Amino acid sequence: MPFQFLTTRRDGPIEYLTLNRPDVRNAFNETVIQELTAWAEAMVDDEGVRVAVLAGAGPAFCAGADLTWMTRMAAYTQAENVRDATAAAKMYSLIDRLPIALIGRIHGAALGGGAGLAAICDIVVAEDRTAFGFTEVKLGILPAIVSPYVLAKIGASAARELFLTGMRFDAARAKEIGLVHAVVSADRLDQRVADYVKEILSAAPEAIATAKELLKKVAERPVQDTIGLTADTIAARRVSPEGQEGMRAFLEKRKASWNVLPDPDR
Ligand code: COA
């Protein structure tokens, strides 16, 4: 798929997606939003892909919304502004709901909507020197579109502190609040991402998709309303061809059919 500001590379079932606007630290404007939306739509329909890795080209992962573009919005009508913001909100929602695992490979800086992108990744590996921040209030705006995803990851307490101050924070803090899962030095970043990719490739694709969907549904309802949902979900999975294959493979001491890793990585 030809993109102006994204590069993609496919390695078997692994899709590598790189934000590629390094001159402005991969800040996103309407074209980047359109391209990310098109990419995510293609991923939903792509049966060959099992995991995607999201990274940024150049010195930083992503500096959030393009501030040159945002300042131009003063000349837009209210309806045009809402249309643009809605397109961005739909993009985050679509990526958040991808039926495959999305791994964030974060380095340099992840600020504003860039930190929001980290929040919609299932697994985030960050270089130890990365600067994080929901810096919007420092600019007189706020992290509205990413707020549902960030809140779900870091909780209300950290969100209040970080949304209201706009302060920058380091990778260790990002891990402490649940925005990041692993913090490593720059030279170990790709290996740590590859380790997570292997874990995903040895797990069953439909089970992963179902788990991701279930987590969202469960989060949306009171615990007492989850019994039917959780019971139905596991009941269907147990008898599914994939569930049967996975459990039999374990008992027969062999690799499951979906596991494309060489034996030592099983
Ligand atoms: N929108 C538009 N342009 C941006 C940008 C953004 N969000 N972030 C950086 N840029 C531009 C800079 O204006 C600069 O342009 P120039 O070369 O024409 O001067 C270029 O990208 C490089 O930025 P610079 O600050 O020199 O790079 P750096 O590597 O020293 O620092 C950041 C990178 C990301 C830490 C820093 O640019 C930054 O803090 N950006 C603002 C991020 C932010 O608050 N985002 C929230 C948006 S809602």
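Predicted model: local features only at pLDDT ≥ 70, side-chain atom pairs only at ≥ 80, totals over all residues.
Residues are numbered from 1 along each chain as its sequence is written, and side-chain values use heavy atoms, with hydrogens and water left out. Local features need pLDDT of at least 70 and side-chain atom pairs count only at pLDDT 80 or more, while totals for chains, interfaces and linings use all residues.

**Ligand surroundings**

Around the ligand stand 15 residues, of which Arg 25, Ala 63, Ala 65, Leu 67 and Thr 135 come nearest; a residue is counted here if one of its heavy atoms lies within 4 Å of the ligand. By class, this shell has nine nonpolar, one polar and five charged residues. Ala, Val, Leu, Ile, Met, Phe, Trp, Tyr, Cys and Pro count as nonpolar, Asp, Glu, Lys and Arg as charged, and the others, Gly among them, as polar.

The table gives polar contacts, that is, pairs of N or O atoms within 3.5 Å.

| Residue atom | Ligand atom | Distance |
|---|---|---|
| Ala 63, polar backbone atom | nitrogen | 2.9 Å |
| Leu 67, backbone N or O atom | nitrogen | 2.8 Å |
| Thr 135, polar side-chain atom | oxygen | 2.8 Å |

Taken alone, the ligand exposes 880 Å², and the protein buries 59% of that (Shrake-Rupley method, 1.4 Å probe).

**The sheet**

Three strands form an open, mixed sheet in the order β5-β7-β8. Strands are DSSP runs (E, at least two residues) numbered from the N terminus, and two of them pair if DSSP finds at least two bridges between them. β5 (109-111) and β8 (168-170) are at the edges with a single partner strand each, so one side of each has no neighbour in the sheet. From one strand to the next, the twist averages 25 degrees, with axes fitted to C-alpha atoms and angles running from 0 to 180 degrees between N-to-C directions. Strand β7 (residues 131-133) runs antiparallel to β8 and is joined to it by three bridges; Ala 131 stands opposite Asp 170 in β8.

Note on methods: Polar contact = N/O pair within 3.5 Å; in protein donor to acceptor, adjacent residues only side chain to side chain. Helix = DSSP H or I, 4+ residues; strand = E, 2+ residues; numbered from the N terminus.
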